[in-house]
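Dear colleague,

Please find below the structure that I am handing over to you. My notes on what was found in it follow.

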Amino acid sequence: MTGQPAGPARTSASTAPNPKGAASSAPVPAGPAVPGPGRLPRLVLAGRDVTAQVAFVTLLVALVAVAALTSDTFLTPTNLTNLLKQMVTTGLLAYGMLVVILTGGIDLSVGSVVAFSGIITAGLVSSLPIPMATIVGVACGIGFGLVNGMLVARFGLAPFVVTLAALTTVRGLAFVYSEVPITPEDPAFLTLGSAMVGPIPLSTVIMLAVFIAGGLFLTRFPAGRSIVAIGGNAEAVRLAGINVRRHVILAYTISGACAGLAGVILASRVGIAQPSVGVAFELDAIAACVIGGASLAGGRGSAKATFGGVLVLVLINNLLNLYGVQSFWQQVLKGLIIIAVILVQRANQVRT
């Protein structure tokens with residue numbers, strides 16, 4: 001149109017470049033953003049992407065609804081109490097595993113540490129006061145975690161190799177201590193695994209306390225934030241003047257402490273300690289972390305999300321048990337769930 005001043009060239013995303021690299025003046029109709037093929041719409045509230053959180057809560061609600069509608073025993077007080085007790089071991093191991101995964105490592109020895117700590121504590125109950133025997137059991141877990149951390153951080157050994165060796169070594173030590181199951185002689189030892197705080201088992205309260213304190217540790221304390229940062233970029237953390245080795249050792253020690261506590265509580269709940277218990281427990285812990293969104297490459301994950309992963313995993317296990325599914329098929333299903341979650345996470349990372 002003559003007489004109209006020329007405006008500036010349009011620089012919006014709707015302007016297509018010409019072959020010479022200059023912006024084209026051809027108008028492109030503006031319209032709402034349309035998700036690309038295979039992409040899910042994002043849900044943003046208060047400027048924060050909550051798509052993953054909403055999907056997670058939806059999954060939990062769906063699992064509870066399916067369980068309530070398809071099983072007459074799911075909502076019974078007995079089953080709910082058992083569910084709360086069963087999630088304690090997985091929850092404690094999952095938090096310890098999360099701390100290690102945040103550094104970019106892995107701890108495959110937690111199942112064997114559960115067996116060793118449990119059988120040591122049950123054996124010492126006859127000769128030591130219960131609190132002292134419990135402390136010894138947890139201290140054994142701390143010791144194994146400390147050794148794992150030192151081998152990884154001080155000697156630069158691969159976490160997978162170190163903890164795999166610890167898996168067999170600690171399991172062997174448990175059998176060396178006792179080849180047969182040990183029944184605690186003092187019935188008071190069973191209080192830790194059977195006592196109730198209102199409608200909630202005491203052991204579940206302990207696990208919740210670990211998650212709350214552990215979540216605050218990872219987000220509010222410098223040591224916890226450093227552990228998270230190490231998984232993101234260990235070299236940058238080192239250049240910032242933070243002792244990376246010390247924090248990696250701390251992470252494995254925390255994992256060992258959680259495994260030791262889980263072993264003591266499990267022996268108290270079951271009423272018997274076995275050297276063969278805890279096989280494949282590390283897989284459940286890893287699965288809970290992955291379902292909760294933790295990255296196996298390190299640097300990403302939270303205690304809150306991992307607790308959600310524990311809930312999902314325990315609900316699935318409980319459902320499969322109520323349906324009478326064989327344990328072998330349960331392992332197959334859990335493996336498929338882990339693969340599916342990793343695929344979804346990778347697709348989400350590519351999209352963002």
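May I begin with a question: is L151 buried, partly exposed or exposed? With a relative accessible area of 29%, L151 is partly exposed, where buried means under 20% relative accessible area, exposed over 50%, and partly exposed in between, with a 1.4 Å probe and protein chains only.

Before further details, a word on the source. This is a predicted model, in which local features need pLDDT of at least 70 and side-chain atom pairs count only at pLDDT 80 or more, while totals for chains, interfaces and linings use all residues. Residues are numbered from 1 along each chain as its sequence is written, and side-chain values use heavy atoms, with hydrogens and water left out.

Overall picture

The average pLDDT of the protein is 84, and 84% of the residues score at least 70; pLDDT is the predictor's confidence in each residue, from 0 to 100. Residues 1–38 have a pLDDT below 50, and this stretch has eleven contacts in the model beyond near neighbours in sequence. Contact here means heavy atoms within 4.5 Å.

The protein has 13 helices and four strands. These are DSSP runs numbered from the N terminus, with helices being H or I of at least four residues and strands being E of at least two. Of the 352 residues, 42% count as buried. Among contacts with a separation of 6 or more, 76% are between residues 24 or more positions apart.

Individual residues

L151 belongs to helix 4 (residues 130–153). Leaving aside neighbours within four places in sequence, L151 is in contact with G156, L157 and V162. L151 and I249 are 98 residues apart in sequence, and their C-alpha atoms are 8.7 Å apart in space.

S117 is placed in helix 3 (residues 110–124) and is buried, its relative accessible area being 0%. Beyond four places in sequence, S117 is in contact with G137, C140, G141, G260 and V264. The C-alpha atoms of S117 and A267 lie 8.9 Å apart, although the two residues are separated by 150 residues in sequence.

A280 lies in the loop between helix 10 and helix 11. Phi of A280 is near 70°, a positive value in a residue other than glycine. A280 counts as partly exposed, at 28% relative accessibility.

Helix packing

Two packed helices are described by the angle between their axes and the distance between the axes. The axes are lines fitted to C-alpha atoms, for helices over the stretch in contact, and angles run from 0 to 180 degrees between N-to-C directions. Angles under 35 degrees count as roughly parallel, over 145 as roughly antiparallel, 65 to 115 as roughly perpendicular and the rest as oblique.

Helix 8 (residues 222–232) contains S226, which is buried with a relative accessible area of 8%. Not counting residues up to four places away in sequence, S226 touches I242 and H247. Helix 8 packs with helix 10 (residues 244–270) at an angle of about 100°, their axes being 10 Å apart, and the two helices are therefore roughly perpendicular to each other. A223, S226, I227 and I230 of helix 8 make this contact with V244, H247, V248, L250 and A251 of helix 10. By class, the contact has seven nonpolar, two polar and no charged residues. Ala, Val, Leu, Ile, Met, Phe, Trp, Tyr, Cys and Pro count as nonpolar, Asp, Glu, Lys and Arg as charged, and the others, Gly among them, as polar.

Helix 11 (residues 281–291) and helix 12 (residues 303–322) have axes that come within 7 Å and cross at roughly 120°, and they are therefore oblique to each other. On the helix 11 side, the contact is made by D284, A287, A288, C289 and I291; on the helix 12 side, by T306, G309, V310, V312, L313 and N317. The residues of this contact comprise seven nonpolar, three polar and one charged.

Helix 11 also packs with helix 2 (residues 77–102), at an angle of about 65° and with the axes 8 Å apart. Helix 2 and helix 11 are therefore roughly perpendicular to each other. The contact involves T89, T90, L93, A94, M97, L98 and I101 of helix 2 and F281, E282, D284, A285, I286, A288 and C289 of helix 11. These residues divide into ten nonpolar, two polar and two charged.

With kind regards
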